[in-house]
Amino acid sequence: MQSSTPACPVCESKSTHAFYEHANVPCQDGYIWPTREAAINAPKGNIHLLYCADCTHIFNSQFDLSKFVFDDSYNISLHHSPTYQRFITDLTEDLVQRHQLQGKTVLEIGCGKADFLKGITIPFGNRGIGFDPTFVDANLTDDQRKSVTVYKRFYTPEDQSYVADFLTFRSMLQYFTNPREFINGFRGSVAKPHGVIYAEVPNSAHTFEQLCIWNIVYEHGCFYSPQSLATLFATSGYHVQKVFTCFVEDQNLGLEAGVTRSSKQYKIDPAAIAAFGETIERFVAEHRRKTAEWRSILDRLLSAGKRVALWGAGARAISFCNLFGMTDQELPYVVDINPHRQGRYLPLTLQKVVAPEHLLVDRPEVIIITNSGYAHEIRAQIATMGIKCETMVI
């Protein structure tokens, strides 16, 4: 292997090899553009994925965070979905019960619009502290401000003066090319000896084992498996207690760790590391097959003059449209229940995001659901609206 091969940012191994690339893709999926002109000029980047044979970490060697926009319009909130709301309710109740989080301090790095932070603090008498430059002040009422404080900026190592019984960050680690620096930068904010860290990330097994090729987006600068996530924390001096899959279809991974040793200790399975290497080999071949299959489906639908709509304006919709070069000329719009996305435009391919009620006017013949985790919920809403059409799930 050539000496120029980038080392793994998790375990620092040089046993990395490239297996996937895609040039000139939209840089962000959390930022839907306010005008068609702005969407045309959205930043682009290259995906060049490398796989680490020693810890199974996957990372984009050409990831550049400076291309991103983080302001009030950045919105990846899923809290408008009943499916997601049930997940968060179950998750918070479980975390609170197991870690006795009543009357405690919770600190969330990258708290977004503070939905999760409010859910794990206010009902349980906890005190919440959040950091996020995309936070919107209107998301907290005056009464909620008695329990929750959000600083509209990035958390920095200087903020370790804020000490919490429970420190969390969700969908954050994939942004860091040097994740060790990040997780070592908040060590002082975890109360000793009982403090707990809860991290949540997209699950690489869902993407690569389940062939969810639409999940490979620039904004996911890296992909964690249970093995690489545990390796990151363990080799940085944290004591990993638990790693588990969560959300529908095991789309996410959760990790719990502490700064002091406990009776609970998660053990990395060497056999799982070896097996994941085989998964990557299968993915390369299957990616071609699945791409060709969907190219054929789209060609058939469009050549037949079918009215086709997408439902779900997140990362997978953006990836799907970009991969096949489907602009608003072929697929005019995408439906999303998040009102903060409606009226805006997908980057580069320019689909306008509309509310579900738009379907009552357009009456599509085919709706393509862009996230299988919400398929049941979306199909139920389509039926309630009285829309009769074929549905497909990418």
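## Salt bridges

Arg153 and Asp159 form a salt bridge in which the closest N and O atoms are 2.8 Å apart; the term stands for a side-chain nitrogen of Lys or Arg within 4 Å of a carboxyl oxygen of Asp or Glu. The model is predicted: local features need pLDDT of at least 70, side-chain atom pairs count only at pLDDT 80 or more, and totals for chains, interfaces and linings use all residues. Residues are numbered from 1 along each chain as its sequence is written, and side-chain values use heavy atoms, with hydrogens and water left out. Arg153 is partly exposed, with a relative accessible area of 32%, whereas Asp159 counts as buried at 6%. Here buried means under 20% relative accessible area, exposed means over 50%, and partly exposed lies in between (1.4 Å probe, protein chains only).

The structure holds 13 salt bridges. Two of them are found within helix 7 (270-303). Helices (H or I, at least four residues) and strands (E, at least two) are DSSP runs numbered from the N terminus. Arg289 bridges to Glu286, with the closest N and O atoms 2.7 Å apart; these residues lie three apart in helix 7, about one turn of the helix. Arg289 is partly exposed at 41% relative accessibility, and Glu286 is partly exposed at 33%. Asp299 bridges to Arg295, with the closest N and O atoms at 3.0 Å. Asp299 and Arg295 are four residues apart in helix 7, again about one helical turn. Asp299 has a relative accessible area of 38% and is partly exposed; Arg295, at 29%, is partly exposed too. Elsewhere, Asp94, Arg98 and Glu256 are linked in a network of salt bridges.

## The sheet and its helices

Seven strands form an open sheet with mixed pairing, in the order 6-5-4-7-8-11-10. Two strands pair if DSSP finds at least two bridges between them. Strand 6 (148-151) and strand 10 (239-246) are the edge strands, each pairing on one side only. From one strand to the next the twist averages 15 degrees. Strand 4 (residues 105-109) pairs with strand 5 (residues 127-131) in the parallel sense over five bridges. Val106 has Gly128 in strand 5 as its bridge partner.

Helix 2 (residues 82-99) packs on the sheet and touches strand 7 (166-170), strand 8 (196-202), strand 10 and strand 11 (252-258); contact means heavy atoms within 4.5 Å. The direction of helix 2 makes about 155 degrees with that of strand 7. Axes are lines fitted to C-alpha atoms, for helices over the stretch in contact, and angles run from 0 to 180 degrees between N-to-C directions. Helix 6 (residues 226-234) lies across strand 7, strand 8, strand 10 and strand 11, and runs at about 25 degrees to strand 11.

## A covered helix

Helix 8 (residues 315-323) is mostly covered, with eight of its nine residues buried. Among the buried residues are Arg316, Phe320 and Asn322. The elements that cover them include strand 1 (16-26), helix 5 (204-208), helix 7, strand 12 (308-311) and strand 13 (333-335). Just after helix 8, Gly325 takes a positive phi of about 60 degrees.

## Aromatic contacts

A search of the whole structure finds 36 aromatic pairs. Rings of Phe, Tyr and Trp (its six-membered ring) pair if their centres lie within 6.5 Å; planes under 30 degrees apart count as stacked, over 60 as edge-to-face and the rest as tilted. Tyr51 and Phe276 are stacked, because their ring centres are 6.2 Å apart and their planes are at 15 degrees. Tyr51 lies in strand 2 (residues 44-52) and Phe276 in helix 7, so the pair ties together parts 225 residues apart in sequence. Both Tyr51 and Phe276 are buried. Trp214 and Trp294 form an edge-to-face pair, at 6.5 Å centre to centre and 90 degrees between the planes. Trp214 lies in the loop between helix 5 and strand 9 (222-223) and Trp294 in helix 7, so this pair ties together parts 80 residues apart in sequence. Both Trp214 and Trp294 are buried.

One aromatic cluster is formed by Phe63, Phe68, Phe70, Tyr74, Phe154, Tyr175 and Tyr218. Charges also sit over rings (NZ of Lys or CZ of Arg within 6 Å of the ring centre and within 35 degrees of the ring normal). Arg170 lies over the face of Phe116, at 4.5 Å from the ring centre, and Lys242 lies over the face of Phe244, at 4.9 Å.
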